[in-house]
Amino acid sequence: MSPDETLPPFAPAPALGHRHVQTFWGRRTRPRLLVPLRREVLPTPDGDELVLDHLDGPAGSPRVFLLHGLEGSAHSVYVQGLLALLKERGLRAVALNFRSCARDLPDLGRFIPNRTARLYHSGETADFDHLVRSLVPAEPGVPHAAVGVSLGGNVLLKWLGENPGQEHLAAAATISVPYDLEAGARKLEKGLGPVYTATFLRGLRGKARQLLRRHPEAAARIDVARMAKARSFFEFDDAVTGPLHGFHGAKHYYDTSSSVGWVGRITTPTLCLSAEDDPFLPASVLDRVAANASGAVRLVATRHGGHTGFIAGRSPLRVRYWAEERAAEFVAGRLAKA
C-alpha cells in the first residue's frame, strides 16, 4: 500500500456508533472459536515456556504472527476475527499468548504455570523476538508479517523500532495501540475508565498473587499492600508491573515502553489503525504519533471506532469489523509481493 492509497472509509453500524458500544459490543456478541488451532509450547531462553496457537494451512504459504491485547489470548474475539480473515486469504498464522495468558492446555491435559518470576507488559519484546527468531529461520524463503492489537500492537511497534534493520517481517499492522502508556492510564481514571480498569485489574491482581505463591522471593520487588489497594493502572504498575520487571516505577516503565518513542525508527512497512474516540487513549496522542512516525509508518485515525471495535455494517445483526479487515488486507497484500 502506497502512502497515498485510500482505504475504504469506516462508518459505524447503525445504533453502534458510540465509543463505548464500539468497544464492548464485539466482546459480548462474537464467537471465540472461529477456526481450528493447533497448540504448541515453545521453550524460552530463561527456562520458561510460551504457548502458541497455530492456524495451519498449505505448507510454505506465508505466515502472520498475531499479538493480543491486555489479558487477552488467541481466543480473544479480535484475534479470532483476524485468524478467520487470514484463513480466507490462504495464509497461515501463529498467535502468541503472552506469559501468564492461555496457560491451560486441554489437548495436553495439563495447565502450565509460568516457571519464572515475571509476567508480561506493554514493553516486553524479548518473547516476541524469541518467537520470530525461532520460527522464521525454520522456514527459509517463507515471507512473514505481524499484526498486533492494543498492548500487542505496542509490543510490535516497539520491537520494530528496536530492530530497524530486521528482515524477518515483510510488513506489520496494528489496531488501537496505546502509544503513550501514561496518557492512556490517566485517561482511564476518568469517566467510565474505572469500569474498564477494574475488570483488567481483577485478572492482573490474581496473576500477581499466583506468582507470589510460586515465587515468594518476588515479594521483595512487589508492594503487596499497594497492589491490593490499587484502583488505577498507574497505581498497579507502580506497585507491581514496574518493579517486578526492573523499572523504577510506573513512570519509568511508561516512558521506556511507550511505542510513541519508537515509531520514528521503524523501517518495515506498517499500517497503524486508531480511532479518535478510543476511550483508552486521548486523541491528542495520535497527533504526536503522526509527527514522530517514520516514512514507513502509515497512521490512519478514524473519527469513530472505540477501542478495538471499528464495527461497521448495515445493522447490528449484520456487522463487519473494519480494522481487522484492513489489517488482514494490508499484510496479505505485502506478503503476496514479498
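Let's start with the aromatic pairs: this predicted model holds twelve of them. Rings of Phe, Tyr and Trp (its six-membered ring) pair if their centres lie within 6.5 Å, with planes under 30 degrees apart counted as stacked, over 60 as edge-to-face and the rest as tilted. As background, this is a predicted model, where local features need pLDDT of at least 70, side-chain atom pairs count only at pLDDT 80 or more, and totals for chains, interfaces and linings use all residues. Residues are numbered from 1 along each chain as its sequence is written, and side-chain values use heavy atoms, with hydrogens and water left out.

Take Phe128 and Trp159, please. They form an edge-to-face pair, 5.2 Å centre to centre with 85° between the planes. That pair links distant parts of the chain, since Phe128 is in helix α3 (residues 126-135) and Trp159 is in helix α4 (residues 151-162), 31 residues apart. Helices (H or I, at least four residues) and strands (E, at least two) are DSSP runs, numbered from the N terminus. Are Phe128 and Trp159 buried or exposed? Both are buried, where buried means under 20% relative accessible area, exposed over 50% and partly exposed in between (1.4 Å probe, protein chains only).

Now find Tyr196 and Phe280. Their ring centres are 4.9 Å apart and their planes are at 70°, so this pair is edge-to-face. Tyr196 and Phe280 are both buried. Tyr196, Phe200, Phe233 and Phe280 form one aromatic cluster.

Please remember those names for the pockets. On a 1 Å grid over the protein atoms alone, a cavity is a set of points where a 1.4 Å probe fits but cannot get out, and a pocket is an open set with protein on both sides within 12 Å along at least five of seven lines; lining residues have an atom within 4 Å of a point. Grid points are joined across faces, edges and corners, and a volume is the space filled by probe spheres set on the points.

The largest pocket has about 1000 Å³ of space. Which of its 44 lining residues are the closest to its centre? They are Leu70, Glu71, Phe200, Phe233 and Phe280. Helix α6 gives the largest share of this lining, seven residues. By class, the lining has 21 nonpolar, 16 polar and seven charged residues. Here Ala, Val, Leu, Ile, Met, Phe, Trp, Tyr, Cys and Pro count as nonpolar, Asp, Glu, Lys and Arg as charged, and the others, Gly among them, as polar.

The second largest pocket has about 170 Å³. Its lining includes Trp25, Arg30, Tyr321 and Glu324, and α2 gives the most, with four residues.

Arg30 also lies over the face of Tyr321, at 3.5 Å from the ring centre. A charge sits over a ring if NZ of Lys or CZ of Arg is within 6 Å of the ring centre and within 35 degrees of the ring normal. Arg186 lies over the face of Phe234 in this way, at 4.1 Å.
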